There are 2 protein chains.
Amino acid sequence: MSIAINIICADRPGMLRDIAGVVASHGGNIVYTQQFVLDRGANEGRSSVYMEIEAGQAEGMVEELNSLDAIVEVTVYPPFEKIYGSRVIIIGGGAQVAQAAVGAVNEADRHNLRGERISVDTIPLVGEQALADAVAAVGRLHRASILVLAGAIMGGRITEEVKKLQEQGIPVIALKMAGSVPQQADLVVTDPTQAGTFAVMHVASTAVFDINRVRGKEF
Amino acid sequence: MSIAINIICADRPGMLRDIAGVVASHGGNIVYTQQFVLDRGANEGRSSVYMEIEAGQAEGMVEELNSLDAIVEVTVYPPFEKIYGSRVIIIGGGAQVAQAAVGAVNEADRHNLRGERISVDTIPLVGEQALADAVAAVGRLHRASILVLAGAIMGGRITEEVKKLQEQGIPVIALKMAGSVPQQADLVVTDPTQAGTFAVMHVASTAVFDINRVRGKEF
């Protein structure tokens with residue numbers, strides 16, 4: 001089997017261990033988990049646990065989860081991957097960050113019409129430390145495929161985190177800007193709209209563009 | 001304590017149970033988890049487990065996790081909440097979806113300059129089923145605060161999912177459009193740029209706007 005389930009349960013120590021224990025006892029391999037405490041709605045204060053599970057026996061597992069005292073409900077869903085697809089991440093500040101988003105969203109709309117699923121996550125931010133932390137965190141984001149850095153000056157610790165991100169297999173597109181980030185980026189693009197467009201083209205399987213074939217270039 | 005850790009480990013059944021078991025045995029309450037299988041970089045094929053933990057004893061816990069055979073590394077990080085903050089979600093198609101993103105990203109940039117952390121996630125999509133699934137999934141997204149629906153026609157199952165999302169405490173802004181979604185939305189806005197701007201203003205604690213004070217209105 002391969003199923004996605006969402007569990008609403010109590011927010012207390014040991015909850016995730018108990019749920020993951022039931023899944024493991026039915027031979028299920030958890031390939032994706034997202035769990036957080038709900039701060040809104042009828043289940044406010046409870047925990048939401050979403051899991052995508054491969055292999056194992058579904059029927060008995062859902063029943064056994066439902067029988068746990070602290071579990072309010074178990075629902076079966078289509079996986080996030082099928083709903084939201086790959087993520088293009090855009091980080092930066094000022095007018096450029098919104099224009100990079102325009103390019104990426106328009107290009108993603110065109111590819112998604114042809115059956116792809118690409119979404120665009122934009123985080124407007126300024127300041128070396130804030131930007132460096134955000135760049136570092138991209139490596140821990142599920143479905144993150146490429147990063148666009150849109151600003152007028154970026155360097156120092158940001159450049160170090162760009163390097164680490166590239167080592168984790170995530171390419172980085174930078175606008176033509178002051179600072180050392182452009183030297184480290186896989187691709188430098190002058191127009192922010194085109195930077196966003198290139199990022200989606202790299203992710204899209206319906207496009208012929210591959211960043212590895214233009215690495216180090218500037219447009 | 002309140003710490004965030006990232007674990008790189010084997011992708012196999014029982015892994016999450018073992019990790020959550022160690023955390024629970026040290027009295028830690030897991031308030032956020034994101035786990036997925038890496039499809040890139042040096043740790044490709046391994047699992048990445050990110051957790052934010054409250055209470056309990058950090059020192060012994062990290063040591064015990066490191067001693068597990070299947071664990072490659074344990075790293076301590078600042079929480080996602082502090083890095084990416086609240087999420088404004090924009091779903092829709094065509095030129096409107098990119099313009100809603102422009103409004104939201106520019107407005108978020110202004111608030112983030114004053115110390116907030118608001119990010120904008122845009123998913124360009126068309127078709128009743130695809131849109132309805134995406135709207136339904138917003139309720140299972142961590143840090144999702146408000147939804148903007150940007151298109152020319154939306155109704156049917158999309159409207160049903162909008163209603164369920166509102167019951168979960170997530171307000172919905174719709175463009176003025178054909179179909180039944182605008183009747184169900186908390187706020188109807190004609191200009192997509194302003195729709196994105198309103199969404200961020202509602203989320204921002206530095207803004208005076210509150211969607212509850214204009215519910216059912218049209219601008």
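**View 1. B:Arg143 counts as buried, with a relative accessibility of 11%.** This is a predicted model. B:Arg143 lies in the loop that joins α5 (128–138) to β7 of chain B. Its phi is near 70 degrees, a positive value in a residue other than glycine. Most residues other than glycine have a negative phi.

**View 2. A:Arg143 in the loop between α5 (128–138) and β7 (144–150) of chain A.** A:Arg143 is not a glycine, yet its phi is positive, at about 70 degrees. The relative accessibility of A:Arg143 is 12%, under the 20% limit, so the residue counts as buried.

**View 3. An open sheet of 10 strands with mixed pairing.** The strand order is β9(A)-β8(A)-β7(A)-β5(A)-β6(A)-β6(B)-β5(B)-β7(B)-β8(B)-β9(B). The edges are held by β9 (187–189) of chain A and β9 (187–189) of chain B; each has a single partner strand, so one side of each is left without a neighbour in the sheet. On average, neighbouring strands of this sheet are turned by 20 degrees against each other, direction ignored. Strands of a sheet pair through backbone hydrogen bonds, either parallel or antiparallel.

**View 4. Pairing of β7 (residues 144–150) and β8 (residues 172–175) in chain B.** These two strands run in the parallel sense and are joined over three bridges. Within the pair, B:Val148 stands opposite B:Ile173 of β8(B).

**View 5. The largest nonpolar core, with 123 residues.** The members that touch the most other members are A:Ile91, A:Leu149, A:Ile173, B:Ile91, B:Leu149 and B:Ile173. Neighbours within four places in sequence aside, the contacts of B:Ile91 include B:Val97, B:Ile123, B:Leu125, B:Leu131, B:Ala134, B:Val135 and B:Val138. Also in contact with B:Ile91 are B:Leu147, B:Val148, B:Leu149, B:Ala150 and B:Met154. A second, separate core has 42 residues, among them A:Ile7, B:Val22, B:Ile30 and B:Met51. In soluble globular proteins, nonpolar side chains tend to be buried together.

**View 6. A:Cys9 and B:Cys9, both buried.** The relative accessible area of A:Cys9 is 0%. B:Cys9 likewise has a relative accessibility of 0%. With a cut-off of 2.5 Å between cysteine sulfur atoms, the count of disulfides over all chains is zero.

Methods:
Residues are numbered from 1 along each chain as its sequence is written. Chains are lettered from A and ligands numbered from 1 in the order in which they are written. This is a predicted model: local features need pLDDT of at least 70, side-chain atom pairs count only at pLDDT 80 or more; totals for chains, interfaces and linings use all residues. Side-chain values use heavy atoms; hydrogens and water are left out. Two strands pair if DSSP finds at least two bridges between them. Helices (H or I, at least four residues) and strands (E, at least two) are DSSP runs, numbered from the N terminus. Axes are lines fitted to C-alpha atoms, for helices over the stretch in contact, and angles run from 0 to 180 degrees between N-to-C directions. A nonpolar core is a set of buried Ala, Val, Leu, Ile, Met, Phe, Trp, Tyr and Cys residues joined through side-chain atoms within 4.5 Å. Buried means under 20% relative accessible area, exposed over 50%, partly exposed in between (1.4 Å probe, protein chains only). Contact means heavy atoms within 4.5 Å.
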